[in-house]
Amino acid sequence: MFSWFFVGNTLVLLAATTSCVSLALWLANSLQFQEFVAKKIGDFLSSETGFTISFESAIVPRWRQGVIRLTNVSLLCTGDSYLHLLNTSRAKKSLPPLPDSEYDRNWTYWDVSIQSVDVTLSLWRWIEGRGLIKECTMKGVRGTVDRTHIKFDPNWTPKKRQQQFGDFELDRFVVEDLLFTVHQPNQFRPYAVSVFSSELSRFRKQWLLFDLVCAESIVGMFDNCLFSVHKPQSSVDEQRDGGEGWFKMSHLKINGVPIDHFNSGLSGPVGWIRRGTMDVDLHVRIPQSTDDDLLEFFRDIEGIESTPENRTPSVLMYCDVKLNDLKASVPLVTPHISYLSNAMIRPIVAYMNANKTSIPLQFGANIYLENFNGAWDVYAAGLVDVFSEKMGRELTLLVEDERERLRRLKRVGLWSIQTATKGLVTVLDYARGEKGWESWGGGGGFGGFSWQVQRE
């Protein structure tokens, strides 16, 4: 009897985790234990995430929607708050506090408040190591991102995170009404990042950047510049011709981004651009297979080494960039580049200064899917290096095309001047009488007749 009772309750807990937790929370609220439960849940989340998390004691089950709602959630992660969490954890293990001199504070600080968070839980996913939360919806997110204290190492190289057991993998993630104020180092001006609405059909900790690119819809503003990530609309014929062999297609568009977001603090040729804006129109084609486990399994059986040539399919990106109203200046002394590079870069800068309206750049790139594994930003995925190389190459080709066009114009102009001058000299010779009409026919007369010119 006990075994059947235990098995039955276990199955119910696995199949309806959210309902069981909601029932437990309802009982705790009825018995006036909500403050105790809220504190314990906050301490557990703080120890697991590294953020100091607190929220109102009233954890309300939403029976009709099948979710659990947390209201007025506060997340704090600064140097002092994280050091306090570390020392608390070390005290539980009977370890001395961590000295401040051995503590690294060179990372981003967060201070975020959320009006409401609706979550759906699944114990089965937690057992599989995919996290306890199945779906999450956030509304009314406000916060500050502080990076003013960060110091960049000149030898810094981007690193990818390693996947761990228990990393969250949400089946649905929705954010509405988000607004962050970002403070960057080197006295860069503060700017706002807002998201009006976003919906992701899958959001995984290990594939964070990739899932953002594959989002169903993201609409917001970056430094007062509208941006959107959505599935591109196309006709039935285009979907049939271009969509075969691809999991989905995504379209990212943002207009009027100030150029200082891309070259702030740089000392090379990119840092010579002083003013301008950038429009980015990016089309992304995502392959059907995004799971490497099966391919790696067959490669191990066949003894094939994993190389860039036999990796999983690539993500194809077609980018249309427009540089608007650029203003650049080359320093007189450029010791960090060679004489040949200096001679090549000055025509490029002159071209940018002469074409202030719009400089179009179009290029495509293949990014291996494995590059997104563990990447949280564009640096770790290698997108910055690829896009910088492609843009530099296209800009160089534009300068070469401009030189060739000017060379052709000069050639045509010289030919026109020579022809017009030759005709003018001939007319003057006819007017002076130095040439007769018989020369018009090449010395053989005109119209079959011979003309004689009497000269005095």
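What share of the 456 residues in the chain is buried? In this predicted model, local features require pLDDT of at least 70 and side-chain atom pairs count only at pLDDT 80 or more, whereas totals for chains, interfaces and linings use all residues. Residues are numbered from 1 along each chain as its sequence is written, and side-chain values use heavy atoms, with hydrogens and water left out. Buried residues make up 33% of the chain (buried: under 20% relative accessible area; exposed: over 50%; partly exposed: in between; 1.4 Å probe, protein chains only).

The chain contains 11 helices and 15 strands (DSSP runs numbered from the N terminus; helices are H or I with at least four residues, strands E with at least two). Strand S7 (residues 172-183) is joined to strand S5 (residues 133-146) by 11 bridges, and the two run parallel (pairing requires at least two DSSP bridges). In this pairing, glutamate 176 of S7 stands opposite lysine 139. S7 also pairs with strand S8 (residues 191-200), in the antiparallel sense, over nine bridges; here threonine 181 stands opposite alanine 192 of S8.

The largest nonpolar core has 73 residues (a set of buried Ala, Val, Leu, Ile, Met, Phe, Trp, Tyr and Cys residues joined through side-chain atoms within 4.5 Å). Strand S14 (residues 314-328) contributes the largest share of this core, seven residues. Val73 and Phe372 are among the residues with the most contacts inside the core. Beyond residues up to four places away in sequence, valine 73 touches residues including Ile53, Phe55, Val112 and Val117 (contact: heavy atoms within 4.5 Å).

Phe372 is also one of the contacts of glutamine 206, leaving aside neighbours within four places in sequence. Glutamine 206 is located in the loop between strand S9 (203-204) and helix H6 (208-213) and counts as buried at 5% relative accessibility. Its side chain makes a polar contact of 2.9 Å with the side chain of asparagine 373 (N or O atoms within 3.5 Å; within protein, one must be able to donate a hydrogen and the other to accept it, and residues adjacent in sequence count only if both atoms are side-chain atoms).

The whole structure has 12 aromatic pairs (Phe, Tyr or Trp rings, the six-membered ring for Trp, with centres within 6.5 Å; planes under 30 degrees apart are stacked, over 60 edge-to-face, the rest tilted). The rings of tyrosine 82 and tyrosine 103 are stacked, because their planes lie at 25°, with centres 6.5 Å apart. Tyrosine 82 is partly exposed at 29% relative accessibility, whereas tyrosine 103 is buried at 9%.
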